[in-house]
Amino acid sequence: MVRLPNPDGTTRAYRPRTAPRAFAAGAPLASRTVFSAAHVVADPYADTDPDSPAAVDWDATLAFRRHLWAHGLGVAEAMDTAQRGMGLDWAGAAELIRRSAAEAKAVGGRIACGVGTDQLPGPAGLDAVRAAYEEQLALVEETGSQAIVMASRALAAAARTPDDYLELYAHLLRQAAEPVILHWLGPMFDPALEGYWGSTDLDAATETFLEVVAAHPDKVDGVKISLLNAGREVELRRRLPEGVRCYTGDDFHYPELIAGDERGFSHALLGVFDPLGPLAAEAVRVLDTGDTEGFRALLDPTVELSRHLFRAPTRFYKTGVVFLAWLAGHQDHFAMVGGLQSARSLPHLARAYELADGLGLFPDPELAAARMASLLAVYGVNR
């Protein structure tokens, strides 16, 4: 038994699983294109502070990506889940992109990498924002990776009208050598992106976003929607030009969005598929056979954990993701770049452990329970 803390200061008894749940590695998925946005593993021995450049454990970071590829998932690299803009600066992201792209080539894994403007030191005009995007796009294309054009805090601050977005994105898409994924990240993930696409009215913002896609459908592989609003994603999905995919980034409603309906479905590019990778891949393989009910039976029970990890302030979901990677044995410590391991409370982490263990996400439940107990001891639980 493990005694887990409650928010009111009491504890509750929890009996961990005793047997692991088996998830077999497999071939790439067929009916959906599925990316897991992957976290980075910090170097726990580095003498750094939250304001220092990230110190990354490259061996453990790349090993985790091999884990995802082994289960048939694609890797979405240097995204929000990798603490982009929350501990990982552009220099670190560039090195991560280079290393992961080389690893993808070596193992035959699918990879797409984030393109942003986070090398800018502060407020910038539109020309500087465009140049920053161009620099990062060039690097990603040089590695042979697909580009994911991320929402830019600098653009959100510099743009004055929807036309500013239309002109800048048109310029970038004309330059792109291959079709890119456009990413609309909502302010619940990053408050600095409030009013993206030139309006705080989501209906107006959607029209601008769709105008960008419609003007360059040959340069847009797909769009990633991270608004945590299933109805809005479905509506937008149905208006995309033929051949342009919708990648759900909705960590609250992903089973229903991936399953789809008679008018279409979403592919996936999800941060929650970092801890759910093997289970998610198994579910999609069931969907590959046409068994939607079986797919939902596997994936629906994971939503409670996802909603817990991504609860407000949503941007701190990375803490729970890395915590579960530690418990699962993918890394030897619970340290994060920028010291972000402190961003969630002990009761929050305890509930994440309980939910993940119940789903059978830990290859070694005994190890996970022992690590959970060690963390509880550090916090003085059961003293």
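Student: Which residues is F323 in contact with, leaving aside its neighbours within four places in sequence?
Tutor: F323 is in contact with F334, L349, A352, Y353, M372 and L375, where contact means heavy atoms within 4.5 Å. This is a predicted model, so local features need pLDDT of at least 70, side-chain atom pairs count only at pLDDT 80 or more, and totals for chains, interfaces and linings use all residues. Residues are numbered from 1 along each chain as its sequence is written, and side-chain values use heavy atoms, with hydrogens and water left out.

Student: OK, and which residues touch the most other members of the largest nonpolar core?
Tutor: L182, Y196, F273 and F323 do, out of 121 residues in that core. A nonpolar core is a set of buried Ala, Val, Leu, Ile, Met, Phe, Trp, Tyr and Cys residues joined through side-chain atoms within 4.5 Å. Buried means under 20% relative accessible area (1.4 Å probe, protein chains only).

Student: Where does the largest share of this core come from?
Tutor: From helix α13, residues 346-359, which gives 8 residues. Helices are DSSP runs of H or I with at least four residues, and strands are runs of E with at least two, numbered from the N terminus.

Student: What does a second, separate core include?
Tutor: That one has 10 residues, including F35, M79, I148 and I181.

Student: New topic: how many helices and strands are there?
Tutor: The protein has 14 helices and 10 strands.

Student: And how much of the protein is buried?
Tutor: Buried residues make up 58% of the 383 residues.

How values were computed. Buried < 20%, exposed > 50% of the residue type's maximum accessible area, 1.4 Å probe, protein only.
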